[in-house]
Each structure stands twice: as C-alpha cells, then as structure tokens.
Amino acid sequence: GSWYADDIDRMIVTEEDIRTRTDELAKQVAADFADSESVLLVGVLKGAIMFMADFARALGRYGPPVEVEFMAVSSYGQGTTSSGVVRILKDLDRDIAGRSVIVVEDIVDSGLTLSWLLKYLASRSAKSVDVVTLLRKPDAVRVQVPVRYVGFDIPSEFVVGYGLDYAERYRELPGVGVLKPSVYGRS
Ligand code: PRP
Ligand code: MN
Ligand code: MG
C-alpha cells in the first residue's frame, strides 16, 4: 500500500491514462507543427514538471526538434483557490521573438495564470503562442483563454499528483487524484 492512500479519495487520471493521452497529444502537436523548424516548450514551474518531461519526450518521437524553457509563476500560494495575483518567480532565460512557443501547463483552473502568461509571452514577440495542458477544470471557460490542446477535462474538485500540489505536497504521485477535504480542512 502507498503512504498517500489515506489522503486521496480516489484517483481520477491514472499513470496509464496519462501515458496514452500524452502520446496522442504529442502526435497532434507534431502534425500541426510539422512545417516548423523547431518548437519551444515553456513549462510553468513547478506544477508542469512531470508533464513537461513526459510531453517533451513524446514530442521528440514524432515532431520537430524541441527546445525547453521554464518560467515560474505563482497564483495559488498555500491555499486551494487561485488568488488571481500572478507573480513571476523565474523569467525566461532567452529571447522568444519569432519562435513557435507552446506553453506547457499541468492544469487550467480559473485560467487566470494562463491568461496573464499569454499576454506576457505575446508582448515578447513570439511567432505563435499555443497552450497544452494535461488537465482543465470547468471554471476555465469563464476566462477567455485559448487552450489548443487539452489532455483531460476534469470536475471541479481539488486534485493533486503528477506535479500538482497541496501546500507543496503530493507532486510525486504518479497519477492525479482527488484530495480528501479532511486533509485541507485540518491545520
Ligand atoms: C497552479 C497550477 C497552474 C495554476 C492554475 O500553480 O499548476 O499553474 O495554478 O490555476 P489557475 O488557472 O486558477 O490560474 P500554482 O500557482 O499552485 O504553482 P505551482 O505550479 O508551483 O504549484
Ligand atoms: Mn502551476
Ligand atoms: Mg500549486
């Protein structure tokens, strides 16, 4: 048994689901960017670490050459809801002007992080900016963020695992599960 079984209500996206869907998304992106010289993946730390690693490798099997960059922004802080206040904790290391950029996210929840990020990247004169996210919650439709590639639409519950945290924990779980309310209710 796993140590985290007590904290997780149920798994909603398994390791296997992620592997299969990531491969499908990579094939789709490879086809759409077949004419591009290269694709610049911008992973959003820290949540996207697992998906970035797996998606980049999957794309490497089918698509144009990949380059990898990271940005760190934070909107959740320690809580379970988005504050809407986005802070840059780590900026891009290089110029993205003229590049085909794909933002790699673990989850689009309110969409606030992404809508802010897309404006920011557009101001840096990228050739194109698209988004691939493993997960999307229903609230995301309220903010008009164009998310081109979505792995799974999931219900509006607090999920952790595969990069997603609650108070910096659970990122290492191999799949995505619903956290028991008793966990974030206790202090
Ligand atoms: C989480 C998640 C997304 C964002 C989604 O990041 O990884 O980046 O929130 O929320 P939104 O659509 O409501 O803006 P968080 O700010 O918790 O930082 P982290 O990736 O380091 O956990
Ligand atoms: Mn994040
Ligand atoms: Mg977080």
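**Close-up views of a predicted model**

**View 1. Helix α3 and its buried side.** Let's start with helix α3, which covers residues 112-122 and has L112, T113, L114, L117, L118 and L121 as its buried residues. What do these buried residues of α3 pack against? Their partners are three strands: β3 (66-74), β5 (100-108) and β6 (128-136). Keep in mind that everything shown here comes from a predicted model. The chain has a mean pLDDT of 92, with 93% of its residues at 70 or more. As for the scores of the model, ipTM is 0.98 and pTM is 0.93.

**View 2. Where helices α1 and α2 cross.** Here we look at α1 (residues 15-32) packing with α2 (residues 49-62): the angle is about 50 degrees, and the axes sit 8 Å apart. Is the crossing of α1 and α2 left-handed or right-handed? It's right-handed. On the α1 side, the residues at the contact are T22, D23, L25, A26, K27, V29 and A30, and they meet D54, F55, A58, L59, R61 and Y62 of α2. Sorted by class, this contact of α1 with α2 brings together eight nonpolar residues, four charged ones and one polar one.

**View 3. A cis peptide bond at L45 and K46.** Zoom in on the link between L45 and K46, and you'll find a cis peptide bond with omega at about -5 degrees. Where does K46 lie? Look in the loop that runs between β2 (39-45) and α2.

**View 4. Two positive phi values in one loop.** The loop between β8 (159-160) and β9 (176-179) holds Y162, and A167 is found in the loop between β8 and β9 too. Y162 isn't a glycine, yet its phi is positive, near 50 degrees. A167 isn't a glycine either, and its phi is also positive, at about 50 degrees. Now for their surroundings: is Y162 buried or exposed? Y162 counts as buried because it has 27 C-beta neighbours inside 10 Å, and 20 or more is the cut-off for that label. A167 has 13 such neighbours inside 10 Å, so A167 counts as partly exposed.

View 5. Back in helix α1, we pick out E16. This residue counts as exposed because it has 10 C-beta neighbours inside 10 Å, and the label applies at 12 or fewer. How many residues apart in sequence are E16 and G175? The answer is 159, while in space their C-alpha atoms are 8.3 Å apart.

**View 6. D153 in strand β7 and its distance to R136.** Strand β7 runs over residues 149-153, and D153 is part of it. D153 is exposed because 12 other C-beta atoms lie within 10 Å. From C-alpha to C-alpha, D153 and R136 are 4.9 Å apart, and in sequence they are 17 residues apart.

View 7. Our last stop is G185, found in helix α4 (residues 181-185). Why does G185 count as exposed? Because G185 has 8 C-beta neighbours inside 10 Å. G185 and V141 are 44 residues apart in sequence, and their C-alpha atoms are 27 Å apart in space.

Notes:
Residues are numbered from 1 along each chain as its sequence is written. Chains are lettered from A and ligands numbered from 1 in the order in which they are written. This is a predicted model: local features need pLDDT of at least 70, side-chain atom pairs count only at pLDDT 80 or more; totals for chains, interfaces and linings use all residues. pLDDT is the predictor's confidence in each residue, from 0 to 100. Axes are lines fitted to C-alpha atoms, for helices over the stretch in contact, and angles run from 0 to 180 degrees between N-to-C directions. Helices (H or I, at least four residues) and strands (E, at least two) are DSSP runs, numbered from the N terminus. A crossing is left-handed if the near helix is turned anticlockwise from the far one by less than a right angle, and right-handed if clockwise. Two residues are in contact if their C-beta atoms, placed from the backbone, lie within 7 Å. Ala, Val, Leu, Ile, Met, Phe, Trp, Tyr, Cys and Pro count as nonpolar, Asp, Glu, Lys and Arg as charged, and the others, Gly among them, as polar.
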